[in-house]
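User: I am new to reading protein models. Could you take me through a few details, step by step?

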Amino acid sequence: MAGLATAMAVTVLSAPARPALAAAPPSAVLDDTHRSVSWQSPVYAKGTSGGTESCPPAADDPDNKVCDRFDVNVSVPEGYWADNPEGGVPISIEWQHPTDDFDLYINDDAGKQVASSAGTADPEATVIPNASGTYHVLVVPYDVHDNSYTGKAYLPQTTDAGDLTSFSGGDGSYTIEAGPLKAKADFLAGGQLRLQADPSGSLSDPAGTAIVRKQPAVQKHTTSFDAGAYYGIRSPDAVLRVYKKPLRFGLYKADNHTPVWQEDKPLRWSTSGMRQSLTRGADEQFFGGGEQNGSFAHRDRTMYVANNFNWNEGGYNNSQPFYLSSAGYGVFRNTFAPGVYDFGSPVRTGQQERRLDAYYFLGDAKKVIGKYTALVGKPFMPPVYGLEPGDSDCYLHNANRGERHTLDALKIADGYTSHDMPLGWMLVNDGYGCGYENLAETAKGLQDHHAQLGLWTQDGIDKLADQVKAGQRVAKLDVAWVGNGYGFALDACDKAKAGIEENSDARGFVWLPVSWAGAQRCGVLWSGDQKLSWDYIRWQIPTYAGATMSGIAYNTGDVGSIYRHDAKMYARDLQWKAFLPAIMTMDGWASDITTGKPADQQPWLDGEPYTSINRTYLQLKERLLPYMYTLSAEASKTGVGAVRPLWLEYPDDPNTLGADAKYEFLSGSDFLVAPVYKDSETRDGIYLPKGTWTDYWTGRTYRGPTTLNGYHAPLDTLPLFVKEGAIVPMWPKGTTSWQTRDRHELDWDLYPKGNSAYTLYEDDGVTRRFAAGASATQRVAVTSSSRTTEVNVGASVGSYQDKPTARSYRFTVHGESAPRQVLLDGRPLPRDAWSYDSDTRVTTVRTPSLSLDRAFSVRLTR
């Protein structure tokens with residue numbers, strides 16, 4: 001340890017004294033001689049209540065009286081950061097009075113922002129990645145009262161693990177040492193491995209139970225053996241190799257011949273970081289990291305997991321310290337520390353803390369997602385109104401729109417009703433100086449429109465109990481909830497969900513824009529505040545599909561963005577987001593792209609043809625709620641959400657990782673959605689995997705794998721395809737609310753191909769009684785041949801409050817020739833009970849009301 005201490009010794013530099021009129025910001029050098037720097041800011045009497053835009057130019061603020069500036073010049077040899085666990089220069093600011101708030105921003109010498117930390121953490125901390133050259137630190141006293149801060153930055157030094165010095169253990173738990181490094185390997189139930197390592201010689205768990213609520217049981221049925229060059233630990237599912245000289249780890253399948261992952265170098269730690277270096281497979285692919293804006297596959301990319309407020313492409317504000325490999329494993333780092341994951345060759349992954357605490361999961365992608373979410377929390381089961389569109393604005397004291405009152409929200413609800421557009425919930429305040437009044441009356445007025453009341457919670461949930469009793473059913477958290485390493489945000493999400501549930505019989509429904517591993521158990525994540533553009537539409541497509549690879553079942557972005565509005569882009573954005581489980585329109589902040597004038601964003605305000613187009617897709621979303629609700633029930637059990645990259649369903653097809661497939665997704669396994677993200681009526685590069693796909697609008701079929709170019713997609717057309725064999729439950733045409741739907745009719749949209757089956761899930765949609773078994777399922781199986789198509793509908797199994805005893809059915813059967821007759825339980829249906837459309841090749845069959853307690857069959861003969 002003495003050598004390590006010498007290697008990590010640092011020289012602390014104080015900032016030079018500030019002259020009366022500073023010609024340039026104070027500065028310092030970080031190089032081989034100067035390993036660290038600290039500086040002290042002036043005392044700020046008050047804050048700016050704003051971001052970087054609230055800081056005047058440096059020339060107009062020579063004494064840094066408004067905002068503080070400090071320059072750091074980093075001089076390191078080429079390749080210094082290539083294998084450094086911290087990946088750059090860590091920089092932090094800590095203030096004297098922790099109740100205040102300073103924000104940290106760092107630009108390179110070209111003026112580009114390269115790092116920031118602007119939550120409510122104390123200290124604010126970030127990393128200048130791959131730092132080399134001059135960096136300009138800007139600190140904004142956002143909310144301070146006679147307060148100052150101390151800034152710190154350092155060059156991290158590295159040390160590698162040495163030779164194995166001790167190996168012992170049994171019954172699923174083993175201790176390994178290599179000089180000062182102590183490690184522990186625990187085999188856990190369900191084919192999991194937890195590997196911990198710490199050069200301090202003491203294993204710790206700073207995250208405690210905040211992320212992992214309950215540790216899995218230890219898998220005691222293990223044995224160890226000495227293979228000469230390594231010790232092996234054999235479990236029923238895998239073998240962990242512990243190499244001796246130097247200490248390295250490798251996880252193999254149970255045959256001890258097939259590697260799952262293999263360290264190519266020993267663990268390396270630095271001043272405040274630790275990395276693992278793995279051999280990369282020839283075709284190995286990587287996914288995960290939570291919400292990574294603009295991407296879902298990460299091979300040859302560096303993925304960041306940290307406290308981040310970049311809402312645009314490249315941002316990672318809902319990131320998670322988890323990744324999934326096509327080699328058959330996934331890894332979760334049990335930490336709140338930022339991480340850098342380099343998926344080059346070799347694969348280098350690490351967190352900015354000097355310890356390793358990693359859970360490894362074995363299996364294919366869906367199994368890994370299931371095991372990961374079993375550890376940190378399965379996706380929550382939303383109320384059915386949470387899958388309907390939401391609307392958000394500030395009504396009381398809104399400087400953007402003039403003086404209004406909370407009850408004015410009901411005028412907007414009137415608009416949804418009068419325009420036959422679904423509305424599930426409304427946020428009627430934003431927490432930033434916008435309070436509320438007449439809360440119970442507002443809640444009742446919204447309920448009259450079949451919508452639920454939601455409120456923003458900027459920085460506290462102390463009023464939640466009273467608000468819920470007054471009718472609140474939706475809570476939105478904001479960036480002020482983000483604490484050091486996201487611990488505070490995760491805690492707030494759990495508490496907000498519990499606050500709704502402890503004061504009502506409803507399911508908690510929470511939204512938040514910044515989160516961490518485990519947030520899927522309590523909230524809908526959304527990608528923050530963006531400005532509208534065609535690029536905005538483009539990069540969100542892989543973002544939300546990719547989030548599913550980390551067990552995030554509900555991830556979305558504002559329809560049409562928050563700050564800018566354009567009728568055509570809004571319509572295009574709404575079309576494809578209708579196939580996300582959760583969507584929300586943000587009103588009251590946008591300006592028209594062309595005129596610059598204020599532009600609210602309700603879906604009828606742009607007039608025709610936009611109103612009709614938007615209505616079509618919102619009503620289609622509403623009709624598909626039985627399909628989406630069933631997917632939500634599945635996600636709460638499997639961890640796999642509805643919005644999926646094509647690779648998740650077709651992992652053996654390399655084209656699902658290509659440039660074309662990046663900008664499309666699957667909604668469930670049956671709908672392929674290829675959004676239009678350019679100002680064009682033509683969509684190129686639509687990749688259809690193997691199988692037969694039916695154009696939802698025209699009925700034309702395509703045989704995959706194939707790529708469609710020149711697809712005609714006028715403004716009212718979202719490229720949408722349905723997989724062969726699909727069985728899709730739908731509510732009746734014209735449905736605009738789950739409460740007013742015809743509960744005595746259910747439609748089934750069928751695309752017969754061979755044998756296929758589907759199981760519908762139903763419950764009361766609102767309460768938590770489903771958790772105690774108050775739900776029902778109904779299985780539908782379709783068998784198709786050249787002469788007949790038979791639909792077998794099983795009895796509805798189970799019960800819940802207000803479950804209907806009988807209902808009629810409307811079947812739409814696609815892609816076949818006209819039937820000669822249609823039989824219900826072997827008896828011919830009258831001719832007026834079915835029809836055939838030769839243009840679309842769709843047969844429509846209507847049944848009388850049938851008891852849900854018995855099965856029945858419908859047979860089409862040709």
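Predicted model: local features only at pLDDT ≥ 70, side-chain atom pairs only at ≥ 80, totals over all residues.

User: Is the disulfide of C394 and C434 left-handed or right-handed?
Analyst: Look at the torsion about the S-S bond. For C394 and C434 it is about 115 degrees, so the disulfide is right-handed.
The pair of C55 and C67 has -85 degrees and is left-handed. For C394 and C434, then, the answer is right-handed.

User: How many residues apart in sequence are the parts tied together by C493 and C522?
Analyst: The sulfur atoms of C493 and C522 are 2.1 Å apart. C493 lies in helix 6, and C522 in the loop between strand 34 and strand 35, so the pair ties together parts that lie apart in sequence by 29 residues.

User: Which side chain of opposite charge is nearest to K803?
Analyst: K803 is in the loop between strand 53 and strand 54. K803 is buried but has no salt bridge. A salt bridge needs a distance within 4 Å. The nearest side chain of opposite charge is 5.4 Å away, and it is D853.

User: With which side chain does the side chain of K803 make a polar contact?
Analyst: Leaving aside neighbours within four places in sequence, the contacts of K803 include R743 and L852. At 2.9 Å, the polar contact is with the side chain of S796.

Terms used. Residues numbered from 1 in each chain as written. Heavy atoms only, no water. Helix = DSSP H or I, 4+ residues; strand = E, 2+ residues; numbered from the N terminus. Buried < 20%, exposed > 50% of the residue type's maximum accessible area, 1.4 Å probe, protein only. Lys, Arg positive; Asp, Glu negative; His and termini not counted. Polar contact = N/O pair within 3.5 Å; in protein donor to acceptor, adjacent residues only side chain to side chain. Contact = heavy atoms within 4.5 Å. Disulfide = S-S within 2.5 Å.
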